[in-house]
Amino acid sequence: MLQCLILELEMVFSWLNLLAKSGFCNITGIDYSPSAIQLSGSIIEKEGLSNIKLKVEDFLNLSTKLSGFHICIDKGTFDAISLNPDNAIEKRKQYVKSLSGVLNVKGFFLITSCNWTKEELLDEFSEGFELFEELPTPTFSFGGRSGNSVTALVFQKT
């Protein structure tokens with residue numbers, strides 16, 4: 001049985017709901033905010049989704065109880081950590097260390113970022129992870145050049 005860990009600030013429901021309704025049965029959502037967990041819990045209860053566990057956890061200071069995951073999904077947590085004015089470089093390194101600790105070897109890490117380019121993310125996750133696939137995202141054109149406002153990548157732990 002696959003174990004999914006959802007890393008999402010203010011997760012309120014996006015990936016949790018989608019995965020649970022798609023048949024995944026061992027899903028854990030974490031957030032450092034007890035109120036975010038409480039809100040997500042009330043939505044999950046209302047939807048009748050019993051296959052989702054929620055935990056209050058600070059991803060940069062994880063308890064040892066979180067490990068053995070096959071898939072980790074981040075939609076905003078790495079971006080938020082990167083914008084922290086207090087020692088962001090060290091916090092990004094700690095994020096990669098925490099991710100490596102919770103994810104199984106050959107496990108997948110899906111990240112969506114509106115702050116980082118593909119090349120920058122490849123550099124940030126170069127230790128212990130390799131690019132598995134780049135997911136398509138909307139493009140825009142301006143001044144004769146095209147680009148993406150969002151980057152979505154799938155890494156595999158080596």
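These legends walk through several close-up views of one predicted model.

Residues are numbered from 1 along each chain as its sequence is written. In this predicted model, local features need pLDDT of at least 70 and side-chain atom pairs count only at pLDDT 80 or more, while totals for chains, interfaces and linings use all residues, and side-chain values use heavy atoms, with hydrogens and water left out.

**View 1**
An unreviewed UniProt entry places the feature "domain: Methyltransferase" at residues 19-133. UniProt positions are given here in the numbering used for this model, feature names are shortened, and annotations may be inferred rather than shown by experiment. Over residues 19-133 the chain is 39% helix and 29% strand. Helices (H or I, at least four residues) and strands (E, at least two) are DSSP runs, numbered from the N terminus. The end C-alpha atoms of this stretch are 20 Å apart.

**View 1. Strand β9 and its two partners.**
Start with β9, residues 151-157, where 7 of 7 residues are buried. Buried means under 20% relative accessible area, exposed means over 50%, and partly exposed lies in between (1.4 Å probe, protein chains only). T151, L153, F155 and K157 point one way from β9, while A152, V154 and Q156 point the other way. To find your place, look for S113 opposite T151 and F129 opposite K157.

**View 2. The largest nonpolar core.**
This core has 21 residues, of which Y95, L99, F109, I111, L121, F125 and F155 touch the most other members. β4 (69-75), α3 (77-82), α4, β5 and β9 each supply at least two of the core residues, and the largest share, 4 residues, comes from α4. A nonpolar core is a set of buried Ala, Val, Leu, Ile, Met, Phe, Trp, Tyr and Cys residues joined through side-chain atoms within 4.5 Å. Leaving aside neighbours within four places in sequence, L121 is in contact (heavy atoms within 4.5 Å) with F78, I111, S113, W116, T151, L153 and F155. Apart from this core lies another of 9 residues, among them A20, I44, I52 and I73.

**View 4**
How many salt bridges does the model have? The count comes to 4, where a salt bridge is a side-chain nitrogen of Lys or Arg within 4 Å of a carboxyl oxygen of Asp or Glu. One of them joins K91 to D86, with the closest N and O atoms 3.9 Å apart. K91 is partly exposed, at 22% relative accessibility. Another joins E90 and K93 at 3.8 Å, N to O; both residues lie in helix α4 (residues 88-102), 3 residues apart, about one turn of the helix. E90 is partly exposed at 42%, whereas K93 is exposed at 52%. R92 and E124 also meet in a salt bridge, at 3.2 Å, N to O. That pair links distant parts of the chain, with R92 in helix α4 and E124 in helix α5 (residues 118-124), 32 residues apart. R92 and E124 are both buried.

**View 3. S82 and its surroundings.**
S82 sits in helix α3 and is buried, with 14% relative accessibility. The side chains of S82 and W116 are joined by a polar contact of 3.2 Å. A polar contact is a pair of N or O atoms within 3.5 Å; within protein, one must be able to donate a hydrogen and the other to accept it, and residues adjacent in sequence count only if both atoms are side-chain atoms. Not counting residues up to four places away in sequence, S82 touches A88, R92 and W116.

**View 4. Two residues with positive phi.**
Most residues other than glycine have a negative phi. N87, in the loop between α3 and α4, has a phi near 65° and is partly exposed at 48% relative accessibility. K106, in strand β5, has a positive phi of about 75° and is exposed at 53%.

Technical notes. Pairing = 2+ DSSP bridges.
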